[in-house]
Amino acid sequence: MGIEQARAHLQGWNKEKDIIEFDVSSATVELAAKALGTEESRIAKSLSFMLNDRAILVVTSGEVKIDNKKYKQEFGTKAKMLSFDQVGTLIGHDVGGVCPFGVNEDVDIYLDVSLKQYDFIYPACGSSNSAIKLTHDQLYEISGALRWVDVCKLK
């Protein structure tokens, strides 16, 4: 689990050297924005859910939260976040470093349209002190996302 899985995944796109590692924590949107010197909205947060007995990731802008009505319209069921203890086992990264790179093979990844408003964003890279700068198109390709979804609202 962790940054080595993300690094191995990113090698396929020659992006492993673009991982930024911090001397401070970037485990939350607020901490990541501070470490990077950017707005919280540019942090790509990866949220873990259980969908039909499978773990999924929904990657969103740091400034939004899940809209339960939109989530149910998109996925046909109520949003059920994974517990803290389930995340590492079911996703492949621990809370604070969850990212869409190097996840367990059976995890489906979706990107929320809230990310599309930025020319670049910063997802984590498998640890609580890492990130990478990507365009939303790069994130879509490199993550292997199934599709763009619209499941969020402003906080």
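I count a salt bridge when a side-chain nitrogen of Lys or Arg lies within 4 Å of a carboxyl oxygen of Asp or Glu. The model is predicted, and I keep that in mind throughout. With that cut-off, I find that the structure holds nine salt bridges.

Entry on arginine 7. I looked up its partners and found a salt bridge with glutamate 4, in which the closest N and O atoms are 3.5 Å apart. Both residues belong to helix α1, which covers residues 3–11, and they are separated by three residues, about one turn of the helix. I also found that arginine 7 meets glutamate 21 in a salt bridge, at 3.4 Å from N to O. This pair links distant parts of the chain, since glutamate 21 sits in strand β1 (residues 20–21) and arginine 7 in helix α1, 14 residues apart. For accessibility, I noted that arginine 7 is partly exposed at a relative accessible area of 22%, that glutamate 4 is exposed at 52%, and that glutamate 21 is partly exposed at 48%.

Entry on arginine 42. I looked up this side chain next and found that it forms a salt bridge with glutamate 39, with 2.9 Å between N and O. Arginine 42 counts as buried because its relative accessibility is 14%, under the 20% limit, whereas glutamate 39 is partly exposed, with a relative accessible area of 43%. Returning to the shared partners, I recorded that salt bridges join Glu4, Arg7 and Glu21 into one network.

Entry on aspartate 67. Setting aside neighbours within four places in sequence, I listed its contacts as Val151, Cys152 and Lys153.

Entry on the largest pocket. I noted a volume of about 360 Å³ and a lining of 24 residues, with Ala27, Lys45, Ser46, Gly96 and Val98 nearest the centre. At least two lining residues each come from α2 (29–36), β2 (43–51), β6 (122–123) and β7 (130–131), and β2 gives the largest share, six residues. By class, I recorded 16 nonpolar lining residues, seven polar and one charged.

Conventions: Residues are numbered from 1 along each chain as its sequence is written. This is a predicted model: local features need pLDDT of at least 70, side-chain atom pairs count only at pLDDT 80 or more; totals for chains, interfaces and linings use all residues. Side-chain values use heavy atoms; hydrogens and water are left out. On a 1 Å grid over the protein atoms alone, a cavity is a set of points where a 1.4 Å probe fits but cannot get out, and a pocket is an open set with protein on both sides within 12 Å along at least five of seven lines; lining residues have an atom within 4 Å of a point. Grid points are joined across faces, edges and corners, and a volume is the space filled by probe spheres set on the points. Helices (H or I, at least four residues) and strands (E, at least two) are DSSP runs, numbered from the N terminus. Ala, Val, Leu, Ile, Met, Phe, Trp, Tyr, Cys and Pro count as nonpolar, Asp, Glu, Lys and Arg as charged, and the others, Gly among them, as polar. Contact means heavy atoms within 4.5 Å. Buried means under 20% relative accessible area, exposed over 50%, partly exposed in between (1.4 Å probe, protein chains only).
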